[in-house]
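Work through the exercises below with the sequence and the model in view. Try each task before reading its solution.

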Amino acid sequence: MLFASLRRSFFQKDDMRSKNLGVMIKATSGILQNRLGLQDPNCAHSFCRLLGKMNTAHQLSELSTNSDFSTWIDQVYNFTMDNLKNWQSTHNSQHYLLSFWSQLVAPVIIMRENAPPNLENCVRQITTAYVDSRVLLAEQSANEGVREKYLLGLWPFLFVFNEKIRYRV
């Protein structure tokens, strides 16, 4: 986790930083592809934190120049969608994933044509899936009584998604 959040000044050369990012992308891609340890809620939670740290420490322009970015972002998208569908066991990790995606939206607006293809579509689908999961949660809460901890805390991310996407036009 700490390697993902190393500051730019830690590396003497940009190519060393790029190599470090490449190793992290390959490693997390392998974890996502093989689902290594992601069945354990604690491991999945730590993995979500790792993704968030990677995105915070590196700009979209840095991430997207990696040759494995396209495959990696698709895997992160699928992982996020799975987590949104399985909100009962991953509710503590969702804000890391939603934050990951919300941090990708602003650079897409700035990069415009140079933005990675399909990224905006991924964010829209994640937003829709999040809203759907909250509606399902509200329905289950009304019918069965769902614990209150599932209902709190994630609405601000929805607002950020919608505001950033709306101003892209």
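**Exercise 1.** Which residues does Q75 touch, not counting residues up to four places away in sequence?

*Solution.* The structure is a predicted model, in which local features need pLDDT of at least 70 and side-chain atom pairs count only at pLDDT 80 or more, while totals for chains, interfaces and linings use all residues. Residues are numbered from 1 along each chain as its sequence is written, and side-chain values use heavy atoms, with hydrogens and water left out.

Step 1. Look for contacts, meaning heavy atoms within 4.5 Å. Leaving out residues up to four places away in sequence, Q75 touches S29, L32 and Q33.
Step 2. Check the exposure of Q75: its relative accessibility is 15%, so Q75 counts as buried (buried is under 20% relative accessible area, exposed over 50%, partly exposed in between, with a 1.4 Å probe and protein chains only).

**Exercise 2.** How many aromatic pairs does a search of the whole structure find? Classify the pair F69 and W72 by its ring geometry.

*Solution.* 
Step 1. Rings of Phe, Tyr and Trp (its six-membered ring) pair if their centres lie within 6.5 Å; planes under 30 degrees apart are stacked, over 60 edge-to-face, and the rest tilted. The search finds 5 aromatic pairs.
Step 2. The ring centres of F69 and W72 are 6.1 Å apart and the planes are at 50 degrees, so this pair is tilted.
Step 3. F69 and W72 are 3 residues apart in helix α4 (residues 69-85), so about one helical turn separates them.
Step 4. F69 is buried at 5% relative accessible area, and W72 is buried at 0%.
Step 5. Turn to F100 and W101: their centres are 5.2 Å apart with 85 degrees between the planes, an edge-to-face pair. F100 is buried at 1% and W101 at 0%.
Step 6. Collect the rings: F69, W72, Y77, F100 and W101 form one aromatic cluster.

Definitions and conventions:
Helix = DSSP H or I, 4+ residues; strand = E, 2+ residues; numbered from the N terminus.
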